[in-house]
Amino acid sequence: MNPQPSRLKQVLVLSTAMLSFISFWKAASVVLCDMGSSAFYAGGIAMNAFGPAFPWYVLAVMVFSGLMLMVYVESCAMFVRGGVYRVVNEAMGHSMAKVSVSALMFDYVLTGPISSISAGLYVSSLLYNLLPAAGIHWQVPPKLFAVIFAVAVTLYFWRENIKGVEESSDKNLKIMIFVSVAGALLMVWALLTVYLRGFRLPPLELRFTREALGWVEHFPWLQTIGLAGVFMAFGHSVLAIGGLETLAQVYREVEDPKIKNLKKAAALIFVFSLVFTGGLTFLASAIIPGDLIAGKYADNLLSGLALELAGPYWARLALQSFVVVSGSLMLVGALNTSLVGANGVLNRVAEDGILHDWFRHLHGKYGTTYRMINMVALIQIAVIILSRGDIYLIGEAYAFGVLWSLTFKTLSLIILRFRDDMPRDWMFPFNLKIGKTYVPIGMCVVMVVLACTVLMNLLTKRVATVSGIAFTAVFFSVFQISEGLNRKKARLYVEEEDPEEKLNTRREADIGAILPELNKPRKILVPVRNPNNLVHLKSVLETADDESTDIIVLAAKIAKGMQLEGESGDITSDEKDLFSSVVLLAEKYGKTVRPMLVFSNDPFYSMAQVGQAAGVDEIVMGVSGAVGAEVQLERLAMAWGMQEKSGSVRPVTAKVVWEGRQLSYKLS
Amino acid sequence: MIRPEEIPLASILQSDYVFFLKGAPSKEETVKLLTDGLYPQVSTLVSARTLYERVTEVEKLNNVLPTGFYIPHAKLAEISQFHAALAVIPEGFLDPKSGITVKAALLLLTPNKPFFFQRHLNMLSKLSRLFQPEFIDSIVSMKNGTQVHEAIGKHE
């Protein structure tokens with residue numbers, strides 16, 4: 001007697017590929033946790049650089065953020081994974097991409113320290129007021145406290161990232177709701193104070209400190225050019241839009257319809273930033289005396305705003321507590337975003353072979369790229385300690401990374417307008433159509449602003465220029481050396497190594513272990529085999545409702561013989577290619593897929609087994625060039641019947657889809 | 001259990017067309033014996049050679065089921081209803097491609113009309129569901145086509 005058809009004894013579930021997609025609210029909150037957090041320190045830094053005109057420039061930077069958001073929307077509309085590295089790589093080539101990603105790493109590496117130190121300074125300012133009220137007369141120097149606090153939270157998030165705790169957009173949204181309530185309360189109260197006390201508009205006059213002039217002090221003629229001063233001040237305020245790159249990172253997770261939701265997220269980010277960062281900074285300057293902004297409240301401007309409002313002290317202290325708690329949550333959230341973002345970018349460049357494989361080693365227990373996380377966290381801790389809590393110093397350097405990554409991004413998109421005339425789903429406005437090319441007049445204006453600011457920043461920020469160029473050069477060298485080593489290794493071990501994405505997989509003994517995860521009312525099974533033939537998956541992604549449909553993407557690893565007991569094996573490079581294509585497609589449509597690889601002796605039996613075990617409503621196959629659609633359906637029908645439990649009469653639709661055509665029948 | 005939309009196998013497979021094959025014929029010999037055996041049902045519509053060629057053409061892409069059941073089949077534009085013949089092979093033959101021993105093979109001819117393709121799939125599904133190893137073992141021990149026909153009628 002022949003043995004019964006084998007059950008699927010090994011199922012490999014691709015955990016990294018089971019993306020869950022998020023609403024535009026959540027996407028905006030992820031970006032704002034990074035970008036919005038600059039409201040807590042940008043004003044103070046700008047005030048110390050060029051005096052009481054700072055709110056005008058912070059406001060101008062926030063208006064400019066709207067233009068930069070539009071640049072990012074065009075970039076994301078072109079590339080689902082449209083971060084700086086990808087876009088610069090496409091437009092300016094590999095070497096410039098390495099330079100740009102080095103500058104971006106400088107941005108990420110400093111986001112953590114500036115955010116965590118700022119949070120520490122806010123907490124310190126609160127304790128300074130609260131402890132005496134509680135009868136505790138114990139004072140810790142604010143900067144020392146901030147350094148200890150920043151190191152502690154960095155260590156905490158370092159550990160969390162090693163453990164692979166996902167950055168939760170739900171948590172980000174809750175933080176943003178909390179921050180919004182605190183911000184709204186602060187704003188209403190501040191407006192009331194302004195109404196009661198009256199106010200004067202901040203002056204437009206720029207008063208640069210010697211430190212803020214940097215090398216420009218050696219060029220007195222430059223100081224006489226008004227526009228140069230404007231760009232110098234703009235450059236000292238531009239750190240307020242740090243974190244925009246997070247939009248490109250989060251875009252892959254935005255749910256369908258992606259572009260529409262991206263635009264909504266961008267609009268939300270813009271309005272929030274303008275009102276929260278721009279508005280509150282403006283009100284702080286109207287209410288707090290200038291000497292206090294430059295001194296006592298330089299490191300905790302919004303805390304100072306709460307304390308300087310009209311009303312009884314206990315109420316102001318309560319508001320300060322509220323502001324500090326919400327701000328600290330947002331700022332430490334930005335620290336986590338920087339670790340996640342840096343790790344993501346390094347993984348991305350490692351996939352392209354420009355970071356040595358040593359960095360890609362996965363943690364034995366948690367499966368995370370712990371060496372990359374270690375590297376970023378250690379640099380961040382070193383920066384925190386070396387800065388000795390001087391937020392002005394880090395802020396100035398931070399602007400270097402922010403500005404250069406924005407400049408590379410914008411310049412690349414301008415170049416791509418001329419090099420790639422494929423239709424865009426969305427374009428930055430103000431274009432002149434010449435032939436097939438939309439000449440980006442609007443984007444060129446943005447580029448001019450960025451270029452002037454970059455130039456002035458190079459001249460005015462000694463520490464930022466030196467440290468930024470040094471850091472970029474070091475990272476660029478690491479990428480350059482890594483690439484050389486990887487190339488050499490690829491030549492030596494061409495069959496053993498591959499530069500593909502390391503996919504996190506989970507091995508289950510049986511398909512039954514996965515079934516509880518498939519809990520949506522409707523289920524579609526999409527068998528895949530060829531990364532170049534995913535038309536059928538595309539058709540499913542185009543039409544399926546993500547809320548109500550589980551899309552199971554199934555690849556069968558064909559094992560010879562009838563018995564699959566103990567059959568095992570790692571995922572091959574072909575399978576990696578296949579699943580990478582599946583993930584990219586799912587990201588493009590913003591819909592969740594459940595990719596799995598089963599070990600089977602026949603692909604049709606595996607379809608029938610998984611289909612029946614999961615209770616699917618539809619099986620959608622791509623056409624096979626070898627046998628044709630009808631034979632595929634016949635084989636599936638036979639496999640389906642052979643394994644069907646008697647009495648099961650649930651009709652299942654079987655489809656074969658290819659370009660412009662499909663066959664659809666019922667399996668009974 | 002016959003499902004509402006299904007055609008009973010017993011209504012298309014007559015007991016006269018259940019053949020008990022002696023010895024261990026090869027897969028190709030079994031297909032030949034079945035086409036020859038079934039041919040009288042369609043002799044006015046298609047030549048014996050054409051029938052065999054159509055069946056063997058499809059069989060290049062067909063597989064033996066792991067249950068030890070084999071369904072050679074073809075779609076013919078010349079016919080307007082299902083035709084079937086069953087070979088019961090007590091000693092079985094070894095399918096060289098899969099290493100599976102086949103003890104029952106059913107030749108199914110389906111009208112090549114779009115309307116019939118759904119029924120054709122239903123029939124293939126039904127056949128593979130019905131001919132499980134236990135059922136195949138039971139018909140192998142039967143004496144004649146009538147018993148097999150009755151057993152099919154009872155099981156479906």
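Let's start with a pair of residues: Leu76(B) has Pro111(B) as its bridge partner in strand 5 of chain B. Please keep in mind on the way that this is a predicted model. The pair belongs to the pairing of strand 3 (residues 73-76) of chain B with strand 5 of chain B, where four bridges join the two strands in the parallel sense.

Strand 4 (residues 83-95) of chain B takes the antiparallel sense instead, and nine bridges tie it to strand 5 of chain B. In that pairing Ala84(B) sits opposite Leu108(B). Strands 4 and 5 of chain B make a hairpin with four residues between them, and in its turn Gly99(B) has a positive phi of about 80°.

Now for chain A. Its residues are divided into domain 1, made of 11-15 and 503-667, and domain 2, which spans 24-478. The centres of the two domains, taken over C-alpha atoms, are 43 Å apart. Where the domains touch, eight residues of domain 1 of chain A are in contact with seven residues of domain 2 of chain A. On the domain 1 side, these residues divide into two nonpolar, two polar and four charged.

Six of its seven residues are buried, so strand 7 of chain A is largely enclosed by the rest of the structure. It pairs in the parallel sense with strand 6 (residues 549-558) of chain A over seven bridges, and Ile552(A) stands opposite Arg594(A) in this pairing.

Next, the nonpolar cores. The largest has 159 residues, and Leu186(A), Leu302(A) and Leu305(A) are those with the most contacts inside it. Which residues does Leu186(A) touch, leaving aside those up to four places away in sequence? They are Leu280(A), Leu302(A), Leu305(A), Ala306(A), Leu319(A) and Val323(A). A second, separate core of 91 residues has members from both chains, including Val528(A), Ile551(A), Val582(A) and Ile71(B).

Leu186(A) is one of the buried residues of helix 7 of chain A, together with others such as Leu173(A), Met176(A), Val179(A) and Trp189(A). An α-helix has 3.6 residues a turn, so residues three or four places apart point the same way. The cover over the buried residues of helix 7 of chain A includes helix 1 (24-35), helix 12, helix 14 (301-307) and helix 15 (313-351) of chain A. The length of helix 7 of chain A can be checked too: its 29 residues (169-197) should span 42 Å at 1.5 Å a residue, and the 40 Å between its end C-alpha atoms agrees with that. Just after the helix comes Gly198(A), with a positive phi of about 80°.

Another helix worth a visit is helix 5 (residues 94-133) of chain A, which holds Pro113(A). Is Pro113(A) buried or exposed? Pro113(A) is buried, because 29 other C-beta atoms lie within 10 Å and the cut-off is 20 or more. Beyond residues up to four places away in sequence, it touches Ala150(A), Gln380(A), Val383(A), Ile384(A), Ser387(A) and Ile394(A). The C-alpha atoms of Pro113(A) and Ile385(A) are separated by 9.2 Å, although the two residues are 272 residues apart along the chain.

Let's finish with some backbone details in the loops of chain A. The peptide bond from Asp256(A) to Pro257(A) is cis, with omega near -5°, and Pro257(A) lies in the loop between helix 11 (245-251) and helix 12 (258-287) of chain A. Arg388(A) has a positive phi near 55° without being a glycine; its loop links helix 16 (370-387) and helix 17 (391-419) of chain A. Arg388(A) counts as exposed because it has 12 C-beta neighbours inside 10 Å. Phe430(A), also not a glycine, has a positive phi of about 65° and sits in the loop between helix 17 and strand 2 (432-434) of chain A. With 14 C-beta neighbours inside 10 Å, Phe430(A) counts as partly exposed.

Terms used: Residues are numbered from 1 along each chain as its sequence is written. Chains are lettered from A and ligands numbered from 1 in the order in which they are written. This is a predicted model: local features need pLDDT of at least 70, side-chain atom pairs count only at pLDDT 80 or more; totals for chains, interfaces and linings use all residues. Two strands pair if DSSP finds at least two bridges between them. Domain bounds come from an automatic or database domain assignment. Two residues are in contact if their C-beta atoms, placed from the backbone, lie within 7 Å. Ala, Val, Leu, Ile, Met, Phe, Trp, Tyr, Cys and Pro count as nonpolar, Asp, Glu, Lys and Arg as charged, and the others, Gly among them, as polar. A nonpolar core is a set of buried Ala, Val, Leu, Ile, Met, Phe, Trp, Tyr and Cys residues joined through C-beta atoms within 7 Å. The expected span of a helix is 1.5 Å times one less than its number of residues.
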